[in-house]
Each structure stands twice: as structure tokens, then as C-alpha cells.
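Here are a few friendly notes to read alongside the model. Please keep the structure open as you go.

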Amino acid sequence: MNPTASPVSLTRYLIEEQREGRIGPNLRLLIEVVARACKSISIQVGKGALGGVLGDAGSGGEASINVQGEAQKKLDVLSNEILLEANAWGGHLAALASEEMDHCVAIPDEYPRGKYLLLFDPLDGSSNIDVNISVGTIFSVLRCPEDVETVGDEHFLQPGTAQVAAGYCTYGPSTMLVLTIGNGTHAFTLDREIGSFVMTTRGMRIPEETREFAVNMSNQRFWEEPMQQYVGDLLAGKEGPRGKDFNMRWVASMVADVHRILTRGGIFSYPLDSKCAPKGGKLRLMYEANPMAFLVEQAGGAASTGRQRMLDVRPTGLHQRVPVFLGSKNEVEAAVRYHAEHDAQARAVA
Ligand code: P6P
């Protein structure tokens with residue numbers, strides 16, 4: 001048998017990384033458990049209207065509202081429960097935190113406690129579910145600080161550089177798991193016939209240049225000046241200062257937009273605007289921006305708040321929001337330059 005010809009499953013990839021000393025058995029188990037939970041979520045998402053799981057959560061006509069102040073979808077709640085149940089008994093985790101829960105949840109006392117912290121957005125982009133557009137699960141793994149008796153939210157507040165693993169599962173035409181443990185970013189496609197994630201791209205690479213940007217243009221009038229200028233120059237095309245025409249895509253499902261960018265390049269941005277600025281931004285640092293930033297940097301891209309490398313942000317809250325620019329390295333650097341030049345001029349006239 002030719003070992004190089006046989007498909008590399010997620011399990012085989014993780015065992016090979018463990019053999020090379022890049023991960024231990026508990027982190028390998030954690031990732032396999034999350035992947036298995038994502039398979040269950042994929043099945044539920046795939047049922048669509050036939051599964052009785054579309055629409056808003058809540059009862060008696062009252063929508064269920066999460067800590068973000070957003071109406072929960074039934075699949076948000078179901079996906080969250082699937083991830084909680086899957087990770088409870090394995091002995092690999094100390095606690096979990098989710099977009100759908102106000103505070104972190106410790107592993108139940110009846111189970112052994114591990115040394116990792118898992119954060120996730122169980123079903124990002126869930127507002128797209130009812131219109132059958134791709135959604136996804138995003139996850140991030142940190143080490144639990146040593147000698148912690150009772151894990152609290154504060155123990156999760158580590159910069160993105162502290163992540164030991166990150167990934168997402170995108171529930172689209174195919175279900176794909178994209179993962180990094182700090183040794184490149186790799187894509188696995190779910191083979192539904194055998195129920196296994198199979199590596200389909202080893203070492204995703206984001207082109208450094210791009211002609212494609214992703215932003216919700218309806219917020220343009222609310223953006224800060226440097227963002228207005230940056231996007232204005234993109235729209236000016238080859239007659240403008242950028243000297244080339246750009247295309248635009250906006251799925252309004254971060255996992256789908258980021259997957260496209262990891263696959264063919266581009267820049268994704270959800271900048272500050274006057275509506276979300278009081279909250280610090282729209283997207284969440286700990287379980288959206290940081291895991292995506294880790295994946296993107298490991299694929300040769302860049303990720304920034306517009307003024308700081310994303311992975312260097314020192315968190316102040318579990319559900320903290322940040323402005324996000326990520327994707328093709330040279331394009332992210334261009335967007336950051338617009339902010340730096342604007343801020344320098346503002347300081348000069350202050
Ligand atoms: P808007 C989905 O709700 C989400 O958190 C991200 O997945 C997505 O990129 C963004 O919000 C979409 O926001 O304002 O365009 O609906």
C-alpha cells in the first residue's frame with residue numbers, strides 16, 4: 001500500500017502532529033471532540049425546514065435574547081448544547097465560554113478537569129440560516145492558567161497569541177473544517193459516506209495581493225474618516241490612487257467570507273462605525289476575531305483592528321468587540337496605513 005496516496009484524515013493529521021511533538025493527547029482529543037460536535041451540527045443545519053429547527057428560539061412568541069442582545073435562533077441554542085455536551089466528559093477541558101452564554105461554564109464536578117479552555121461561537125451567521133446561506137462554528141483553544149481553583153471569565157482573558165489551536169467549520173455546499181495548531185492552516189472536507197473529515201488542502205496560503213474586498217457597504221455613512229477614504233479609493237478603481245479595479249463580496253456570515261479569503265485572497269473588514277463604536281465594534285474578539293486572525297496569519301495573511309495586530313490585543317472582557325481587518329497581507333497593511341496616516345494628521349493638528 002502506498003501510504004502517501006491514501007487520504008489523510010483529521011485523526012491521522014492530529015496523530016502525526018502528536019508524534020512530532022506539536023500537540024499532546026489531550027489537545028488532540030479536544031480537537032477531535034469539537035470536530036465530532038461540528039458533524040452533529042452539520043446534520044442539524046442540513047435538515048433545514050425539515051428538521052423543525054429553523055426560526056427564532058424562545059416560546060410563546062417571545063424571542064430568546066442572548067448576552068449580545070441578539071435574538072437567538074433555535075439552531076444557535078441547539079449548536080451550543082451540542083458543543084457543551086460533547087466536551088463535558090472527556091477530561092480535556094477546565095471550562096468553556098460561548099457567544100451564547102453570559103459567563104464561562106466549568107466542567108461538571110463528576111468529570112475530570114483538563115488544562116484547556118475552549119471558546120466558541122456555536123453558529124456564526126445564524127441570521128442566514130432561514131435563507132439557506134452558509135453558516136459556521138468558530139472555536140479557539142487556550143491553556144487554563146496554572147493553579148486555578150475555580151475557573152472564571154478572567155482566566156479566558158488572554159491575547160490571541162496565547163491560542164494553542166483555532167478553527168472553524170463551515171456548513172456550506174460541503175462541510176469543511178479549517179484548523180491551525182500553529183503549524184500552518186489546513187482544510188478538511190467532511191466525507192459524509194464514512195463520516196470522516198479528510199484533508200483536502202495542506203497549507204492554505206492567502207495571496208498577498210487582492211482585488212476583492214468584503215464589507216457591509218450599507219454602513220458607509222457611519223464609518224470613521226480613514227475607512228471612508230480607504231474604501232473610496234477601492235471604489236475609484238484603476239482611475240483612482242490604487243490604480244486597479246476591485247470586486248466586492250459580502251455574505252454577512254463571517255465564516256463564509258473568511259473561508260473565501262483563505263481560499264482565494266481578499267480583505268474582510270468590519271470597521272468601527274458610529275453605531276457600533278460605543279460597544280467597541282461589531283465582531284467579538286475572543287471567539288470570532290482571534291481564532292480567525294490565528295488561522296489567517298498561519299496562512300500568510302494579516303489581521304488587525306486597523307490600529308493594532310489583532311493577536312496582540314489584550315482582552316478586557318469575555319464578549320469584548322473589536323473592529324476587524326483581515327486577509328491578504330498587503331491589502332490589510334494598506335488599510336492600516338490609511339488609519340495610521342489619519343491618526344498622525346489628527347495628532348499633528350491637535
Ligand atoms: P451585518 C453574523 O451576525 C456576524 O456576526 C458575522 O458572521 C458577519 O460577518 C457579520 O455579523 C454581519 O454583520 O451587520 O452585515 O449583518
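Predicted model: local features only at pLDDT ≥ 70, side-chain atom pairs only at ≥ 80, totals over all residues.

1. A contact here means heavy atoms within 4.5 Å.

2. Residues are numbered from 1 along each chain as its sequence is written, and side-chain values use heavy atoms, with hydrogens and water left out.

3. Among the 46 residues of the largest nonpolar core, those touching the most other members are Phe156, Tyr168, Phe268, Met292, Met310, Val324 and Leu326. (Such a core is a set of buried Ala, Val, Leu, Ile, Met, Phe, Trp, Tyr and Cys residues joined through side-chain atoms within 4.5 Å; buried means under 20% relative accessible area with a 1.4 Å probe, protein chains only.) Domain 1 (10-201) and domain 2 (212-349), whose bounds come from an automatic or database domain assignment, both contribute, so the core lies between them.

4. The unreviewed UniProt entry annotates Glu99, Asp121 and Leu123 as "binding site"; such annotations may be inferred rather than shown by experiment. The three span 25 residues in sequence, yet no two of their C-alpha atoms are more than 9.1 Å apart, so they gather at one spot.

5. Glu99 is buried, at 4% relative accessible area, and Asp121 is buried at 0%. Glu99 touches Asp121, and its other partners include Arg284, Tyr287 and His319. Asp121 is also in contact with Gly136, Thr137 and Glu288, among others.

Terms used. Buried < 20%, exposed > 50% of the residue type's maximum accessible area, 1.4 Å probe, protein only. Lists of a residue's contacts leave out its neighbours within four places in sequence.
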